[in-house]
Amino acid sequence: MTTERKSWQRCDACGAEFDERDASPRCRECGGLLAIVHTPPVGTPTELRARFGTADNRHSSGVWRFGEIVLPTATATAVTHPEGNTPLLSRPAISAWADIDSLLLKHEGHNPTGSFKDRGMTVGVTQAARIGARAVACASTGNTSASLASYAAQAGLPALVFVPEGQIAIGKLTQSLAYGARTLLVPGDFDACLRLVEEASDALGIYLLNSINPFRLEGQKTIVLEMLMQLDWTVPDWVVFPAGNLGNTSAFGKALAEAHAWGLISRLPRLAAIQAEGASPFARAFARGFDHLEPMAAETVATAIKIGAPASYERGVRAIRATDGVVCSVTDAEILEAKAVIDRAGVGCEPASAATVAGVRKLREQGVIRPGDQVVGVLTGHVLKDSGVLKLMHQEMEPPPAWANRPIRITPDIDAVRRVLDASADGK
Ligand SMILES: *Cc1c(COP(=O)(O)O)cnc(C)c1O
């Protein structure tokens, strides 16, 4: 019996095609990265949008409401928390700091394990379960492992996570432990973990769920699709986000190319990928006209983007080029200042996410983003992911930065409380 195929895998590098259910993490012909290709969805753009629903008419999962352009054959068997349906926030204090009239923040920290990784993992683990994987694995700067651990637990699949010892935030490490993943502490950096897990998955037949996994990218596309839906399918001028391994850069580029090809949007927003200066091989390559990638030893307070050799470099380049996008870097000091502003507005996010807002401000200073531009920034992770950096910012940094909010030791009497209250009223 022949049935019309809906989706399949295609090598980005050589064009070889593979079945949708092929478990190989890379092209079997040339080792290139794989992408999912879908037959165009049926119906006019208006019909499609109506099937997706609206931001008000809440589908339980913000990923699977787009199932027919994410993984159509698996929507009925999805391993879902659910996830997505994250808010688009507007906070004047944050826009003012970034010197921009209209800054909307898509807060992916509202996902079930506290980062956007859940959008990719619901699709990746669904795929692992339906092809009968015996176990799943990833290398991680923390959030991927927390998310994998959670979804694997739900699917009843053993999970192995490889993390760089001593280099990931405590909230993320303990999440992986709590959800029951075998958590392997590897001496070395993230890039070393990635090499090891690729070798292990090859030798031991474990399904690999790193961000090169094309099914994860399909899920992460929905950050952009859901954002467009929340804007009634009007297109902002810019989408700004932090960039490490360039999974999101690639996923956003694919989401926009498809949405454009299928008539859901009539023009493309420009992508702005923001890196930490100490982990900025993509920004440096951009400044050289994307001549080539020069890996670097990564160092930054924003551990989620502390990556020196991004795995999805080629795809990232294509996404930036296709959207007339830009890549820039911000210092750790700028990241922490932006984070203090975001936290203080009551929104909160982890350090890597704050790179987004620091990046908007930098691109404003450089005149790349104009004051009246419509900008959507993505906050990728929750404030509690990195309590270590909060302790540093508010209790440990010397001299205390302007935004440090030191806890106040008092004697247990009402006068002491009154003095604190009076001082607060005086703005001290
Ligand atoms: C994974 C992650 C990133 C980086 O995303 P890439 O797709 O690797 O570029 C940024 N912020 C947070 C919070 C993350 O967990």
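Visitor: Where does the ligand sit?

Guide: This is a predicted model. In it, the ligand sits in the largest cavity.

Visitor: How many cavities of 30 Å³ or more are there, and what volume has the largest?

Guide: A cavity is a space where a probe fits but cannot get out. Here the count comes to three cavities of 30 Å³ or more, and the largest has a volume of about 310 Å³. Lining that largest cavity are 26 residues; Phe-116, Lys-117, Asn-245, Ala-304 and Ile-307 are the closest to its centre.

Visitor: Which residues around the ligand come nearest?

Guide: A residue counts as near if one of its heavy atoms lies within 4 Å of the molecule. There are 16 residues around the ligand, and those that come nearest are Lys-117, Asn-143, Gly-244, Asn-248 and Thr-380. By class, this shell has seven nonpolar, seven polar and two charged residues.

Visitor: From which domains does the shell draw its residues?

Guide: At least three residues come from each of domain 1 (7-80 + 115-211) and domain 2 (88-113 + 216-389).

Visitor: How much of the ligand does the protein bury?

Guide: The ligand taken alone exposes 380 Å², and the protein buries 97% of that.

Methods: Residues are numbered from 1 along each chain as its sequence is written. This is a predicted model: local features need pLDDT of at least 70, side-chain atom pairs count only at pLDDT 80 or more; totals for chains, interfaces and linings use all residues. Side-chain values use heavy atoms; hydrogens and water are left out. Accessible areas come from the Shrake-Rupley method with a 1.4 Å probe; for residues, only the protein chains shown count as cover. On a 1 Å grid over the protein atoms alone, a cavity is a set of points where a 1.4 Å probe fits but cannot get out, and a pocket is an open set with protein on both sides within 12 Å along at least five of seven lines; lining residues have an atom within 4 Å of a point. A molecule sits in a cavity or pocket if more than half of its atoms lie within 2 Å of its grid points. Ala, Val, Leu, Ile, Met, Phe, Trp, Tyr, Cys and Pro count as nonpolar, Asp, Glu, Lys and Arg as charged, and the others, Gly among them, as polar. Domain bounds come from an automatic or database domain assignment. Grid points are joined across faces, edges and corners, and a volume is the space filled by probe spheres set on the points.
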